[in-house]
Amino acid sequence: MSRATVTASIANLVDFIKQKVSSNIVETARSKNISLNDADLQKLLSVVDMSVSQAFTLSIEDIERVLNESIK
């Protein structure tokens with residue numbers, strides 16, 4: 001398996017995580033388990049999305065380093 005394939009798989013995993021977290025937040029807000037108006041819900045979803053993307057960006061270099069070391 002190539003480094004590019006692994007990196008792409010990790011990116012897909014991160015996208016799935018963002019989608020699932022967002023879906024769960026919307027579902028919870030719609031079921032009235034938490035009180036959020038639509039504007040606040042969109043703000044929260046945006047923060048979640050940006051936070052997960054930031055975490056991916058900050059960690060991918062370490063993952064690529066490990067992959068490079070394992071290939072040697």
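Predicted model: local features only at pLDDT ≥ 70, side-chain atom pairs only at ≥ 80, totals over all residues.
Arg 65 counts as partly exposed, at 42% relative accessibility. Partly exposed is the range between buried, under 20% relative accessible area, and exposed, over 50% (1.4 Å probe, protein chains only). Its salt-bridge partner is Asp 62, with the closest N and O atoms 3.9 Å apart. Asp 62 is also partly exposed, with a relative accessible area of 43%. Both residues lie in helix H2, three residues apart, about one turn of the helix.

Residues are numbered from 1 along each chain as its sequence is written, and side-chain values use heavy atoms, with hydrogens and water left out.

**Overall form**

The chain has two helices and zero strands. Its radius of gyration is 16 Å, well over the 11 Å that the globule rule gives for 72 residues, so the chain is more spread out than a compact globule. That radius is taken over C-alpha atoms, and the globule rule is 2.2 Å times the number of residues to the power 0.38. Helices (H or I, at least four residues) and strands (E, at least two) are DSSP runs, numbered from the N terminus. Along the principal axes, the C-alpha atoms fill a box of roughly 55 × 20 × 15 Å.

Of the 72 residues, 18% count as buried. The accessible surface comes to about 5,300 Å², and 57% of it belongs to carbon and sulfur atoms. Accessible areas come from the Shrake-Rupley method with a 1.4 Å probe; for residues, only the protein chains shown count as cover.

Contact means heavy atoms within 4.5 Å. Among contacts with a separation of 6 or more, 57% are between residues 24 or more positions apart.

**Salt bridges**

A salt bridge is a side-chain nitrogen of Lys or Arg within 4 Å of a carboxyl oxygen of Asp or Glu. By this rule the count comes to six. The table gives some of them.

| Acidic residue | Basic residue | N to O distance |
| Asp 49 | Lys 18 | 3.5 Å |
| Asp 38 | Arg 30 | 3.1 Å |
| Asp 62 | Arg 65 | 3.9 Å |

Asp 49 and Lys 18 meet through their side chains. Asp 49 lies in helix H2 (residues 38-71) and Lys 18 in helix H1, so the pair ties together parts that are 31 residues apart in sequence. Helix H1 covers residues 3-30. Lys 18 is buried, with a relative accessible area of 12%. Asp 49 is partly exposed, at 34%. Not counting residues up to four places away in sequence, Lys 18 touches Asp 49, Val 52 and Ser 53.

The chain carries 8 positive and 9 negative charges, and their mean positions are 2 Å apart. Lys and Arg count as positive and Asp and Glu as negative, while His and the chain ends are not counted. Each charge is placed at NZ of Lys, CZ of Arg, CG of Asp or CD of Glu.

**Around Phe 56**

Phe 56 has its place in helix H2. Not counting residues up to four places away in sequence, Phe 56 touches Ile 10, Ala 11 and Val 14.
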